[in-house]
Structures are given as structure tokens and as C-alpha cells.
Amino acid sequence: MTVEIEDAPAATAAKAPKPDGVAMAAGDTARAALLEEVDAADVGDYAGATAEGERVVSHRFACTRKGYVGWHWSVTVARASRQRNVTVDEIVLLPGEAAIVAPQWVPYRERLQPGDMSPGDLLPVDDEDPRLVPTYSFGDDPLDADAKAQIREVAKDLGLGRVRTLSPEGFDLAAQRWADGEAGPEAAIAQAAPDQCRSCGFMMRIAGPLAQSFGVCANGDANDDGRVVSFDHGCGAHSEVRLAKKHEPVPIPEHVFDTLSLDEIESF
Ligand code: SF4
């Protein structure tokens, strides 16, 4: 049996545990323990050993079980201080690089994309969402959850309006998203536009911290009608767009009643 010692990654080389000779040589013990747990037909060749810690080594064996291509059995053995023999700690089946495994779990909250919401869907926002801050001030004293809930109730009862409003971070995130999106300066329609929204009569001003950079397009003929547009966005429906003379439509002359020639009338 060959014992292969894996190189530790360069960054952690200084901290790599020193392989224990007895534990590294315990491949046969590891195989015997493995065969007590799984069918011999499922165990393939020895595939090496890795020092996991002080006097702790994992021995690997190929897995030949159907459907587990690229997986391997890992049997971890340990030797207690001043002991000659190892004990078996655990036996697990692990995926290798070629193994087919399920994609990494992504929490549902992080999978949502704009446009995924359907009528009736609910998407609660965390109490601690950094995009929002209480509309009223909590002051400098940190408050516990109960105190915050009480203040929230009082604010509601007093009719102070919205319980929470956008935080500076919330404003920054929204501004970045809008500027990077289809209503920002890099959009193809903006790149080809004759002028920018900042000078367009159809752009409605908004209030608040983003008023210096964004407005709402109110041109029913424009693609962005009803959407927030950045000042440096633009489109061909800009209020001051004028066609060059050669592109102007040729005026259609008034209709003339022809009194000189005879009309051909179809007879039945
Ligand atoms: S019509 Fe075009 S240029 Fe004018 S505000 Fe809307 S998107 Fe901007």
C-alpha cells in the first residue's frame, strides 16, 4: 500500500499538522473498519491519506458504488498521546472534484430577482434591514427589541406617517441600481439619444436626496414613461428634439377638385 501525503496549501503551509507515522501507516486498519460498515463491492483502491491534525489522519478509498462516480470513502483515525494503536473516529462518503453533487444551497431570500413577485406574494423586510431607518429618531442610546417595538407602536398611534424610511445606504443602493440599469447613462437608448433627460421638458422633478440626479419620465411616447430616469439618461423622444430639414416629412398638398377632365365611372 502506498501512502500519499498531500501538500498543504501554500498559505497555510506553516500551520500544516505534522503527519503522525503510526496514523499514516494505518491504512489497513482504516480499510478493515470501512469494510465492517459497507459492502466490500463498494470499496475500491486506496487513494491516499491526509493529516488532519496532531496524530489525526484521514485515509481515502475509492467508492465503487453505482451512481457515486468521483466519490470516495474517508476513514479518519487518531492516535492518543503515548499510545501505539489508532482508533477509528469516523467513516464518511465524500464527493471528489469529479463527483456530481447538488448545487450549493442559496437561501430563497437571496434567489429573488426583480420581477419575481406575483400578485399575493409577501416579502417581509428584516427589522434590521440596513436600507431602512426609523422615521423617528431612536437617539444615541441603544434600545432593545421591546423598546423599539413600543416606540414603533407609539409612532403609529400618533400618526407620524411611515414607520421606517430609506437610510443613507438605502438611497445609495437605489441610486447605484438605477444608474446602472436601463434608465441610466449607459443604456443603449441613452447612448444614441440626441440629448439628456436633464434638459427634457417631460422629466418630472422628485423630492429628497436623489433629486439632484434623478427624475421621472412623463412622456407617454417614451420607453421610460413612468420610470425613474437619471439626469444623464436620454432618448429620442426628448422634448426639444427637432428633425433635420431633409428628414422632415413632405407636406401633403390640399385636395383639389378636378373640374377639367372627365372621371371614369364604372358602369354596371
Ligand atoms: S422623454 Fe426621453 S429624454 Fe425625456 S425624460 Fe423621458 S426618457 Fe428622458
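A nonpolar core is a set of buried Ala, Val, Leu, Ile, Met, Phe, Trp, Tyr and Cys residues joined through C-beta atoms within 7 Å. A residue is buried if 20 or more other C-beta atoms lie within 10 Å of its own, exposed if 12 or fewer, and partly exposed in between, with C-beta atoms placed from the backbone. The structure is a predicted model, in which local features need pLDDT of at least 70 and side-chain atom pairs count only at pLDDT 80 or more, while totals for chains, interfaces and linings use all residues. Residues are numbered from 1 along each chain as its sequence is written.

The chain has 268 residues, of which 16% are buried. Its secondary structure consists of 6 helices and 9 strands; helices (H or I, at least four residues) and strands (E, at least two) are DSSP runs, numbered from the N terminus. Two residues are in contact if their C-beta atoms, placed from the backbone, lie within 7 Å. Among contacts with a separation of 6 or more, 55% join residues 24 or more positions apart.

The largest nonpolar core contains 14 residues, and those touching the most other members are C197, F202, M203, C217 and V229. Two or more residues of this core come from each of β8 (214-217) and β9 (228-230). A separate core of 13 residues includes A30, F61, C63 and V77. Beyond the residues up to four places away in sequence, V229 touches A183, C197, M203, F214, G215, C217 and D224.

Strands of a sheet pair through backbone hydrogen bonds, either parallel or antiparallel. Two strands are taken to pair if DSSP finds at least two bridges between them. An open sheet of 3 strands runs in the order β7-β8-β9, with antiparallel pairing. β7 (203-205) and β9 are at the edges and have a single partner strand each, so one side of each lacks a neighbour in the sheet. From one strand to the next, the twist averages 50 degrees (axes are lines fitted to C-alpha atoms, for helices over the stretch in contact, and angles run from 0 to 180 degrees between N-to-C directions). The antiparallel pairing of β7 and β8 extends over 3 bridges, and R205 is opposite G215 in β8.

F231 is located in the segment after β9. This residue is partly exposed because 17 C-beta neighbours lie inside 10 Å. Apart from neighbours within four places in sequence, the contacts of F231 are Q196, C197, R198, S213, F214 and G215. F231 and G184 are separated by 47 residues in sequence, and their C-alpha atoms are 8.1 Å apart.

Strand β3 (residues 71-78) is mostly covered, with 7 of its 8 residues buried. β3 pairs in the antiparallel sense with strand β2 (residues 56-63) over 7 bridges and with strand β4 (residues 87-95) over 8 bridges. F61 has W73 in β3 as its bridge partner, and W71 has P95 in β4.

Two arginines in loops have positive phi values. R55, in the loop between β1 (43-53) and β2, has a phi near 65 degrees. R55 is buried, with 20 other C-beta atoms within 10 Å. R82, in the loop between β3 and β4, has a phi of about 65 degrees. R82 is exposed, with 5 other C-beta atoms within 10 Å.
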